[in-house]
Amino acid sequence: MAEPAIVAESLTYRYGNLLAVDHISFTVERGEILGFLGPNGAGKSTTVKILTGQLRPMSGRAILLGIDVARYPKQVHARIGVCFEQPNLYEELSGVDNLRLFARLFNIRDIDIAGLLHRVGLDGRGDDLVGHYSKGMKQRLMIARALVNRPDILFLDEPTEGLDPTSAEAIRRVICEEQERGATVFLTTHDMYEADRLCNRVAFINSGRIVALDTPHNLKQQYGKRMVRAEVVGPDGSLLTREIILDQPETAHEIANLLQHERVVTLHSEEATLEDIFIQLTGRALV
Amino acid sequence: MHITAIWALMVKDARLYAANRLFALVTVLGLVAYIVIYFLLPATVDETLRLGLVIPDSLSALSEMPDNDAVQVTRFTDVEALRKAVASGEVEVGFAFPADLYDQLRQGTQPTVELLLAPEVPPDFVSVYAAAARELSFTLIGQELPVVIKEEILGVDMVGASIAPRQRILPLFAVLVLMVECLGLASLIVAEIEQKTIRALLVTPLTVRDVFVAKTLFGSLFAFGQAILLLAITGGLVKAPLLNLTALSIGSVLMTGIAFLIATLGRDLMSVMGWGMLALLIMALPTFTVLIPGLAADWVRIIPTYYLVDTLYRSLNFGADWNDVGGNLLLLTAFALLSLALGMAALQRRWKLFLNN
């Protein structure tokens, strides 16, 4: 069996008196998409920096593809792709020149730049200066840049934040394609919908600690409450909402009562969202 | 070391430099301006001192006055004619002796000798000409000074071979070219931090050392190339080309180290310009010793560019060889390595602080 793509062992990092990452441990299997969820300042970006060798952990160690990142960062860098939260492209160069530069840094000569641009929906815009790109286009180019070396692990830090739906969808499509290719994806986000839809597992991080790590389905099963939400017509004719928790002994009786005694307008079953679960676990919202 | 990656970074920097309109314009216009100014400046120096004399006919000593390439003597009949000649620039200095010089001396009165000077004569020279008038007076009345003056030129005798203004200013231009490119390099490095691209570079197989090698090579070669072009066009490579190229290459490394230091201090393009202009001003001070000899005191030798300017000046204008400027080159090399080491250490520290946040 192949060794895990990422092994984090008791990672710790401190900015002055602030403990940003507090003895975090987890494992990401090869070909898995792990969503790393948490509010701003929770320690997500610091963890990514440690995993990608940008920061040296104060204790613990990170093993990527069987290689200790702190000891052999360049061996790791040759096999990973990193897409940063904020655009950091050469704005005075064209999209093609940006990609070509990074291909050369990885010593790759036969790169299909047109194919990469096509994958991220930038066909026909490769020769434009990056400074003339919109935010979404820059983000898509950053994804393309992270793919130039066909990485075994792809780190994506808030890749769809603030993007238009088209750009966000293009990026989600690439993430799925990369997983199909066999790459592992470490996705940092606070978009619960995105995490739910894309990730095999999600980790909730709060105040530098992982508070939960499992598949979205299991998290919902474990922490969430399924319910039926109904809209009914009230005595004065206004619409009222009724919520009935499922999986309780009295559930069937309550639903029967509702249907017999109320004028039901709509009736939906609902399950808890990841956001609900995060709030339940941490008492904080994800923004 | 990743040669392909380093080359790719250098090509990238060259393209970014060309894309920066300010630096591209300053580079091209600067080079053209230096070359144009060089060719507009006089290629030769008129060393002839033109003297005017009003002297009594009875005095035969005039025949003893020197009249050669260095001193040209013109005799005038009266003071008014001499005055007009000085005013019009026909002669630079006029000595007018009274017609009754001997009579006055015999009567025991003190004759007056008029010294007429053109306005462009430097103030320091007025006393020199006054002394010359006194000595001339002694000669005319037959009273030679009771001493023998022995002349000895130590070093190269520059009589008849004065340095033309264009040759005097050439080392200054060569150093200015290097200094301006140092500002360009500093701005490229600061942009790397400002746009956070350094973060992207360092999660590739590229190491911090590779980045420094690329920046050092690009900065040094770009500045060096322009200085060579300037010297090639102005004929500065005809004399001691190897010596001059060596001095310029070491000077380019020195400027690259200074560019690293400026980039460490600069937060954006404007602050790079601010710190850069300060550094440029300090580094340009030694060039004034070339333009106006005797102006600067010995302390100017603590400025590294002194050893570059002095080497180029002496090599280009006095035919100095390796033995003459060897000490200069050694000190220049020491300064260059020191500035590069300091610049790299300071910049690496700043990058580390940036990357840790």
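In chain B, the axes of helix α1 (residues 3-19) and helix α2 (residues 21-40) come within 5 Å and cross at roughly 85°. Angles of 65 to 115 degrees count as roughly perpendicular, and α1(B) and α2(B) are therefore roughly perpendicular to each other. At their meeting point, Tyr17(B), Ala18(B) and Ala19(B) of α1(B) face Arg21(B), Phe23(B), Ala24(B) and Thr27(B) of α2(B). The model described here is predicted.

Further along chain B, Asn328(B) belongs to helix α12 (residues 322-355). Asn328(B) has a relative accessible area of 10% and is buried. Apart from neighbours within four places in sequence, Asn328(B) is in contact with Tyr307(B), Asp310(B), Thr311(B) and Arg314(B).

Chain B also carries a nonpolar patch on the surface, formed by Leu265(B), Trp275(B), Leu278(B), Leu281(B) and Ile282(B), with about 480 Å² of accessible area together. Helix α10 (residues 269-291) of chain B gives the most to this patch, with four residues. Ile282(B) is located in helix α10 of chain B, and its relative accessible area of 40% makes Ile282(B) partly exposed.

Attention now turns to charged pairs. Side chains of opposite charge can pair when their charged atoms come close. Over all chains, the structure holds 29 salt bridges.

| Salt bridge | Closest N to O distance |
|---|---|
| Lys44(A) and Glu158(A) | 3.8 Å |
| Lys220(A) and Asp196(A) | 2.6 Å |

In the salt bridge between Lys44(A) and Glu158(A), Lys44(A) lies in helix α1 (residues 44-51) of chain A and Glu158(A) in the loop between β7 (153-157) and α6 (165-181) of chain A, so the pair ties together parts that are 114 residues apart in sequence. Lys44(A) is buried at 6% relative accessibility, and Glu158(A) is buried with a relative accessible area of 6%.

Glu177(A) is partly exposed at 29%, and Arg119(A) is partly exposed at 25% relative accessibility.

In the salt bridge of Lys220(A) with Asp196(A), Lys220(A) lies in helix α8 (residues 216-223) of chain A and Asp196(A) in helix α7 (residues 192-198) of chain A, so the pair joins parts that are 24 residues apart in sequence. Lys220(A) is buried, with a relative accessible area of 13%, whereas Asp196(A) is partly exposed, with 29%.

Technical notes
Residues are numbered from 1 along each chain as its sequence is written. Chains are lettered from A and ligands numbered from 1 in the order in which they are written. This is a predicted model: local features need pLDDT of at least 70, side-chain atom pairs count only at pLDDT 80 or more; totals for chains, interfaces and linings use all residues. Side-chain values use heavy atoms; hydrogens and water are left out. Patches are made of residues with over 30% relative accessible area and no salt bridge: like charges are joined within 9 Å, nonpolar side chains (Val, Leu, Ile, Met, Phe, Trp, Tyr) within 5 Å. Accessible areas come from the Shrake-Rupley method with a 1.4 Å probe; for residues, only the protein chains shown count as cover. A salt bridge is a side-chain nitrogen of Lys or Arg within 4 Å of a carboxyl oxygen of Asp or Glu. Helices (H or I, at least four residues) and strands (E, at least two) are DSSP runs, numbered from the N terminus. Buried means under 20% relative accessible area, exposed over 50%, partly exposed in between (1.4 Å probe, protein chains only). Contact means heavy atoms within 4.5 Å. Axes are lines fitted to C-alpha atoms, for helices over the stretch in contact, and angles run from 0 to 180 degrees between N-to-C directions. Angles under 35 degrees count as roughly parallel, over 145 as roughly antiparallel, 65 to 115 as roughly perpendicular and the rest as oblique.
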